[in-house]
Amino acid sequence: MHTKIKQKAAALEELILSGRVLWRGNTQTEVEGGPRTMAVAHDVEMESVNLSMERERKEELEEEKLGEYGDGNYPPNSKKVHRIVSKWMLPEPARRTYLERANCLPPPVFIISVSLAELAVFIYYAVWKPQKQWITLDTGILASPFTYRPDKREEAWRFVSYMLVHAGVQHIVGNLFMQLVLGIPLEMVHKGLRVGLVYLAGVIAGSLASSIFDPLKYLVGASGGVYALMGGYFMNVLVNFREMIPAFGIVRLLVIVLIIASDMGFALYRRFFVPENGSPVSFAAHIAGGFAGMSIGYTVFSCFDKALLKDPRFWIAIAAYLAFVLFAVFFNLFLSPAN
């Protein structure tokens, strides 16, 4: 790019000398009897070249700002992936900062590890435990030490471990698809610590909400964590809609909405239309996870290039979340019908 600019400047200098035009600021003076019309033509051409050079200079600077890594340490495909991710996950002001320091170190290990663990648990209960079919799993998961059960609430790990167990093929496929498609790009941008915070906040909020609003029902699935990621992402999108979503983004949002509707429909079926010999599963985790995402998740995902601990919105969200947790603990100890 710099070579082209220098070549154009040299050509322009030669053009001025051959036309015998003397330039001073924005005025031109005829020298040695050269025709004034030629000077005017050269004036127009010089202005055009100057504008072109200025535009190219700006484009070059913009490319450098947008992550055209001058050291050549990153392959072109990596640059392209980071550009796409930045357009979907960040508003314009934060996009440049991300591209300047974008890398895959550490890789998105949190979401991938959680997904593999959930898949392993599902395969265990679907294959090694006796099941009549895979659409809904009953015998294995209801007796699982991971499943949240109202009669075993003293086993506190169940308020988190229920995310590893899923009620059937549609259940786990929907959750894995959403948390991989959305979670990996989020973790590329915000890294595992922040994404893990939002995900686990949704998981815990889901089990606590289920213990309050559906206190006699079982709870399985990672929907609380998945909906927390979606809640935080969509709140960020709503606030920065024009800057974050490309033209075809509406279609993608509609697809995600359809997946959410399908997952919620399955959860409602498991809650209200399960056969008499089965055990209904709570769906309150979906809603609570979404609210956790729209509060904690939004503040975390909107602070990409800012100090999260210095953002008052984060502490307000944390205070509200802790108040909910304390109320849920009090409810489970003294007021729950499951007692």
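## Basis

In this predicted model, local features need pLDDT of at least 70, side-chain atom pairs count only at pLDDT 80 or more, and totals for chains, interfaces and linings use all residues. Residues are numbered from 1 along each chain as its sequence is written, and side-chain values use heavy atoms, with hydrogens and water left out.

## Overall make-up

The protein has 13 helices and two strands. Both are DSSP runs numbered from the N terminus: helices are H or I with at least four residues, strands are E with at least two.

Of its 339 residues, 48% count as buried. Buried means under 20% relative accessible area, exposed means over 50%, and partly exposed lies in between (1.4 Å probe, protein chains only). The accessible surface comes to about 18100 Å². Carbon and sulfur atoms hold 67% of that surface. Areas come from the Shrake-Rupley method with a 1.4 Å probe; for residues, only the protein chains shown count as cover.

Contact means heavy atoms within 4.5 Å. Among contacts with a separation of 6 or more, 70% join residues 24 or more positions apart.

## Nonpolar core

The largest nonpolar core has 69 residues. Such a core is a set of buried Ala, Val, Leu, Ile, Met, Phe, Trp, Tyr and Cys residues joined through side-chain atoms within 4.5 Å. The residues with the most contacts inside the core are Met89, Tyr98, Leu186, Tyr199, Leu229 and Tyr233. Helix 8 (residues 169-213) gives the most to this core, with 14 residues.

Tyr98 touches His82, Val85, Ser86, Leu90, Met188, Val189 and Phe304. That list leaves out residues up to four places away in sequence.

## Helix 4

Helix 4 spans residues 92-101, and Ala94, Arg95, Tyr98 and Leu99 are buried in it. These residues sit on the same side of helix 4 because they cover an arc of only 140 degrees around the axis. The arc is that of the directions from the helix axis to the C-beta atoms. The face turned away from the buried side carries the exposed residues Pro93 and Glu100.

## Salt bridges

The structure holds three salt bridges. Each is a side-chain nitrogen of Lys or Arg within 4 Å of a carboxyl oxygen of Asp or Glu.

- Asp151 pairs with Arg149, the closest N and O atoms being 3.0 Å apart. Asp151 is partly exposed at 46% relative accessibility, whereas Arg149 is buried at 15%.
- Arg158 pairs with Glu155, with closest N and O atoms 2.5 Å apart. Arg158 is buried at 5%, and Glu155 is buried at 18%.
- Asp311 pairs with Arg313, with closest N and O atoms 2.8 Å apart. Asp311 is buried at 10%; Arg313 is partly exposed at 32%.

Arg313 lies in helix 13 (residues 312-335). Leaving aside neighbours within four places in sequence, Arg313 is in contact with Tyr298, Thr299, Ser302 and Cys303. Arg313 and Tyr298 are 15 residues apart along the chain, and their C-alpha atoms are separated by 9.3 Å.

## Surface patch

Leu119, Ile123, Tyr124, Val127 and Trp128 make a nonpolar surface patch of about 490 Å². Patches are made of residues with over 30% relative accessible area and no salt bridge; like charges are joined within 9 Å, nonpolar side chains (Val, Leu, Ile, Met, Phe, Trp, Tyr) within 5 Å. Leu119 is found in helix 5 (residues 109-128). At 34% relative accessibility, Leu119 is partly exposed.
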